[in-house]
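User: Got a structure here that I'd like to talk through with you. Can we go over it piece by piece?

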Amino acid sequence: MTDLGAGSHLNKNRTKKVSQIAKNALKNPALAQLIYRLAKDNNPKAIIELGTCLGITTAYLSKACPEADVITIEGCPETAKVAHNNFKELDLENVELQVGNFDVLLPDVIAKAEKLDFVYIDGNHRKEATLNYFNWCLPKIHENSLLIFDDIYWSKGMKEAWQEIKNHPEVVVTIDLFWIGLVYFRKGQAKEHFKIKF
């Protein structure tokens, strides 16, 4: 394993079985299905995902929006190989997998995008990095953009990052589902924050 972020709470070993990663890192089916429905309802032309892992959430996003271009970035080359094989097995033709450091790859992905419709951030899990990703996205967001932040209660730093994102003047609505946080930018709406038990 190559981990360029904050690492794992459960297992700091550099060698892991795929079954171990699947058990500890994959979204539970209800949350993955929610992300699928959010993508489908939003109908984005382009989707960016940070943190491919084994590619299962990527598959949900790809299947939800088969006409969208899905760019997913994974920091660990070995994990990315497993994801790539999963994409081939599932015949996902609208997925582009990039391997490397988010801090290096994401700015270029954003620069090439006309606008950001749907961004799912599930990686690094450090306050500064999370806020960087958010701020890098801001110039390309629009009325119907949706940013999803994973693991918003993962650490003190992630809680602080989530609070700063909620307080940002361009953020209009947030929905805190504990595991993930949804961020909307709809103009003309009162600023509101919701917490929903999911």
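User: How many aromatic pairs does a search of the whole structure find?
Analyst: This is a predicted model, so local features need pLDDT of at least 70, side-chain atom pairs count only at pLDDT 80 or more, and totals for chains, interfaces and linings use all residues. Numbering runs from 1 along each chain as its sequence is written, and side-chain values use heavy atoms, with hydrogens and water left out. Rings of Phe, Tyr and Trp (its six-membered ring) pair if their centres lie within 6.5 Å, and planes under 30 degrees apart count as stacked, over 60 as edge-to-face and the rest as tilted. With those rules, the number of aromatic pairs found is five.

User: Is the pair of Phe102 and Tyr133 stacked or edge-to-face?
Analyst: The two ring centres are 6.0 Å apart. Their planes sit at 65°, so the pair is edge-to-face.

User: Which helices does that pair tie together?
Analyst: Helices here are DSSP runs of H or I with at least four residues, strands are runs of E with at least two, and both are numbered from the N terminus. The pair ties together parts that are 31 residues apart in sequence, because Phe102 lies in helix H5 and Tyr133 in helix H6 (residues 127–137).

User: Is Tyr133 buried or exposed?
Analyst: Buried means under 20% relative accessible area, exposed over 50%, and partly exposed in between (1.4 Å probe, protein chains only). Tyr133 has 0% relative accessibility, so Tyr133 counts as buried.

User: And which residues do ring pairs link into a cluster?
Analyst: Phe102 and Tyr133 are already a pair. Ring pairs build a cluster out of Phe102, Tyr133 and Trp136.

User: What about Tyr153 and Phe178, stacked or edge-to-face?
Analyst: Tyr153 is in the loop between strand E5 (146–150) and helix H7 (156–167), and Phe178 is in the loop between E6 and strand E7 (180–184), so this pair bridges parts 25 residues apart in sequence. Tyr153 is partly exposed at 26%, and Phe178 is partly exposed too, at 45%. The ring centres are 5.0 Å apart and the planes are at 10°, so the pair is stacked.

User: Which side chain does Thr174 join in a polar contact?
Analyst: Thr174 is in strand E6 (residues 173–176), and at a relative accessible area of 1% Thr174 is buried. Contact means heavy atoms within 4.5 Å, and, not counting residues up to four places away in sequence, Thr174 touches residues including Trp162, Leu182 and His193. A polar contact is a pair of N or O atoms within 3.5 Å; within protein, one must be able to donate a hydrogen and the other to accept it, and residues adjacent in sequence count only if both atoms are side-chain atoms. The one here spans 2.7 Å, and the partner is His193.

User: How far apart are the C-alpha atoms of Leu90 and Lys63?
Analyst: Leu90 is in the loop between helix H4 (77–89) and E3, and counts as partly exposed at 39% relative accessibility. Leaving out residues up to four places away in sequence, Leu90 touches Ala59 and Lys63. Leu90 and Lys63 are 27 residues apart along the chain, and their C-alpha atoms are separated by 9.6 Å.

User: To finish, how much of the protein counts as buried?
Analyst: The protein has seven helices and eight strands. Among contacts with a separation of 6 or more, 66% come from residues 24 or more positions apart. Of the 198 residues, the share that counts as buried is 49%.
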